[in-house]
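Here is a short report on one protein model. Look over the sequence and the fold first, then read on.

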Amino acid sequence: MPAQQRDLRPQGRKTVGQLLDAAVSVLAAMGYQAARVEDIVRAAKTSHGTFYLYFANKEDLLRSLAQECSEDMNRLADQLGPVGRGDDGLAELRAWILDFSNTYQRHAPVIRAWSEQQVQGPEMEELGLQAFDQITSRLVARLEVVARSASAAEPEKAAVALLALLERFSYFRISRRLYADTDEWLDTLAVMVHCGFFGGGRPPRR
């Protein structure tokens with residue numbers, strides 16, 4: 001049984017957390033294919049025996065990371081409120097984009113493994129699809145409101161384009177270490193998305 005589904009004692013949960021945190025650091029630095037259990041164990045400052053007490057192998061550990069990522073993405077999707085054309089809509093969108101960026105940064109190695117198909121298997125593929133389908137469906141629901149006011153003709157395509165924009169921006173910002181000033185990039189991106197996808201800053205068409 002996967003470690004996170006067992007009824008672990010506090011020390012066991014702490015050890016699993018240390019291994020998962022270490023795995024994220026190692027995967028971010030080396031990539032999934034190059035990373036070894038030995039590297040994860042060294043980063044977690046524990047032993048091989050402890051690792052195999054909780055995980056069968058590297059793939060098993062990645063599944064646990066993927067499950068965490070999927071749960072966080074579902075939570076993120078549920079948090080996007082109505083996005084109107086005014087300042088309240090812009091503020092809602094700005095807060096959500098910041099949450100998206102932070103969530104992406106936390107799970108970047110797993111998302112990269114999904115998007116670059118570094119890991120094969122139906123279970124991993126299904127987790128990835130579920131995570132991003134949940135966000136896409138929520139964006140579609142928000143954009144359908146805009147479409148009814150003749151601002152966006154095809155919410156499904158707009159939602160995919162918006163998600164791709166946010167994901168690639170987050171990837172470049174993190175991997176290239178761009179835009180250290182959070183307010184600077186966040187304000188710019190939020191205004192662009194608000195105007196371009198939600199009709200913000202413009203009066204509705206008659």
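Arg177, which follows H7, has a positive phi, near 55°.

This is a predicted model, in which local features need pLDDT of at least 70, side-chain atom pairs count only at pLDDT 80 or more, and totals for chains, interfaces and linings use all residues. Residues are numbered from 1 along each chain as its sequence is written, and side-chain values use heavy atoms, with hydrogens and water left out.

**The whole protein**

The protein has eight helices and zero strands. Helices (H or I, at least four residues) and strands (E, at least two) are DSSP runs, numbered from the N terminus. From that end, the elements run α-α-α-α-α-α-α-α. The protein has 206 residues, and 42% of them count as buried. Buried means under 20% relative accessible area, with a 1.4 Å probe and protein chains only. Take the contacts (heavy atoms within 4.5 Å) between residues at least 6 apart in sequence: 68% of these join residues at least 24 apart.

**Helix H7**

H7 has 21 residues. From first C-alpha to last, H7 reaches 30 Å, close to the 30 Å expected at 1.5 Å a residue. The expected span is 1.5 Å times one less than the number of residues. Buried residues of H7 include Pro155, Leu162, Glu167, Ser170 and Arg173.

**Two helix pairs**

Two packed helices are described by the angle between their axes and the distance between the axes. Axes are lines fitted to C-alpha atoms, for helices over the stretch in contact, and angles run from 0 to 180 degrees between N-to-C directions.

| Pair | Angle | Axis distance |
|---|---|---|
| H7 (residues 155-175) and H8 (residues 182-198) | roughly 165° | within 12 Å |
| H1 (residues 10-30) and H4 (residues 58-78) | about 95° | 10 Å |

H7 and H8 are therefore roughly antiparallel (angle over 145 degrees). Their crossing is right-handed, with the near helix turned clockwise from the far one by less than a right angle. On the H7 side, the contact includes Ala158, Leu165 and Phe169. On the H8 side are, among them, Trp185, Leu189 and Phe198. By class, this contact has eleven nonpolar, no polar and one charged residues.

H1 and H4 are therefore roughly perpendicular (65 to 115 degrees). Leu19, Leu20, Ala23, Val24 and Leu27 in H1 meet Leu61, Leu62, Ser64, Leu65 and Glu68 in H4. This contact has eight nonpolar, one polar and one charged residues. Ala, Val, Leu, Ile, Met, Phe, Trp, Tyr, Cys and Pro count as nonpolar, Asp, Glu, Lys and Arg as charged, and the others, Gly among them, as polar.

Conventions. Angles under 35 degrees count as roughly parallel, over 145 as roughly antiparallel, 65 to 115 as roughly perpendicular and the rest as oblique. Buried means under 20% relative accessible area, exposed over 50%, partly exposed in between (1.4 Å probe, protein chains only).
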